[in-house]
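Open your viewer, switch to a cartoon display and get ready to click around. We'll go stop by stop, selecting one piece after another.

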Amino acid sequence: MTLIQEIKASMGIFEGADDGAYGLLAEFPHPGALLHAAEATREAGYKQFDTHSPFPVHGMDEAMGLGNSKVGYFTFIGGLTGCLGGALMMWWMGAVDYPINISGKPFFSIEPSVPIMFELTIVVAAVVTVGAMLALNGLPRPYNPLFYSERFSRATDDSFFLHIAAGDAQFDREETAAFLRKLGAEHVELIYDDEAVDA
């Protein structure tokens with residue numbers, strides 16, 4: 001798998017197989033079954049899989065083997081950039097670009113610069129956080145082959161799904177479908193880039 005494919009997979013954007021197959025979509029009866037299936041899928045060695053449910057399932061991140069979000073690092077870098085940028089801006093304006101001697105006060109002092117530094121810290125951190133969240137989630141993403149599944153429309157209502165991508169090194173249509181049924185899947189579909197068929 002190339003570096004680009006790994007980065008896309010970390011955002012939930014999976015590559016399909018050469019014949020157009022995108023992967024297998026399995027429906028589970030309740031959140032507990034989905035949690036168990038996600039854990040078993042990770043333990044079986046699958047790397048490119050995702051879960052979909054109408055609400056967050058406690059423990060799903062651990063079950064899938066996901067690490068902590070990297071958005072916080074971007075937030076810290078954005079906040080630090082805003083703070084240092086604010087200090088640099090106040091120094092440039094007060095001491096270099098337009099120095100004015102007011103009652104013998106210094107051209108630049110940190111104390112009156114604190115409100116500007118604080119505001120720029122918050123604004124830049126917030127903008128970078130939103131941008132990083134969208135980028136790391138691969139958003140906006142108006143198209144996903146899973147939308148071809150009629151059952152998948154219930155993922156925001158009352159159904160629980162696990163998708164294993166066809167680009168996964170361990171993916172085999174028959175064996176993976178049998179594996180999902182063994183985990184308790186009520187229905188398994190093979191998803192193509194332009195349709196969904198029962199597996």
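Some ground rules before moving on. This is a predicted model, where local features need pLDDT of at least 70 and side-chain atom pairs count only at pLDDT 80 or more, while totals for chains, interfaces and linings use all residues. Residues are numbered from 1 along each chain as its sequence is written, and side-chain values use heavy atoms, with hydrogens and water left out. Helices (H or I, at least four residues) and strands (E, at least two) are DSSP runs, numbered from the N terminus.

**Stop 1: the sheet.** Select the five strands. They make an open sheet in the order β2-β3-β1-β4-β5, with antiparallel pairing; two strands pair if DSSP finds at least two bridges between them. Now click the edges: β2 (49–52) and β5 (196–198) each have a single partner strand, so one side of each has no neighbour in the sheet. On average, neighbouring strands are turned by 25 degrees against each other, direction ignored.

**Stop 2: strand β1.** Select residues 21–28, which is β1. Eight of its eight residues are buried, meaning under 20% relative accessible area with a 1.4 Å probe, protein chains only. Six bridges join β1 to β3 (residues 160–165), and β1 also pairs with β4 over six bridges. Click Leu24: opposite it in β3 stands Ile164, and its bridge partner in β4 is Leu190. For Leu25, the bridge partner in β3 is His163.

**Stop 3: helix α2.** Next, select residues 31–43. This helix, α2, packs on the sheet and touches β1, β2 and β3; contact means heavy atoms within 4.5 Å. The direction of α2 makes about 20 degrees with that of β3.

**Stop 4: two bent helices.** Which residue marks the bend in α5 (residues 110–136)? Click Ile116, where α5 bends by about 30 degrees. (A bend is the angle between axes fitted to the seven residues ending at a residue and the seven starting there.) Buried residues in α5 include Ser113 and Met117, and their cover includes α4 (71–97).

Select α4 to finish: there is a kink of about 25 degrees centred on Trp91. Among its buried residues are Gly78, Gly79 and Gly82, and the cover over the buried residues of α4 includes α5.

Note on methods: Buried < 20%, exposed > 50% of the residue type's maximum accessible area, 1.4 Å probe, protein only. Axes fitted to C-alpha atoms, helices over the stretch in contact; angles between N-to-C directions.
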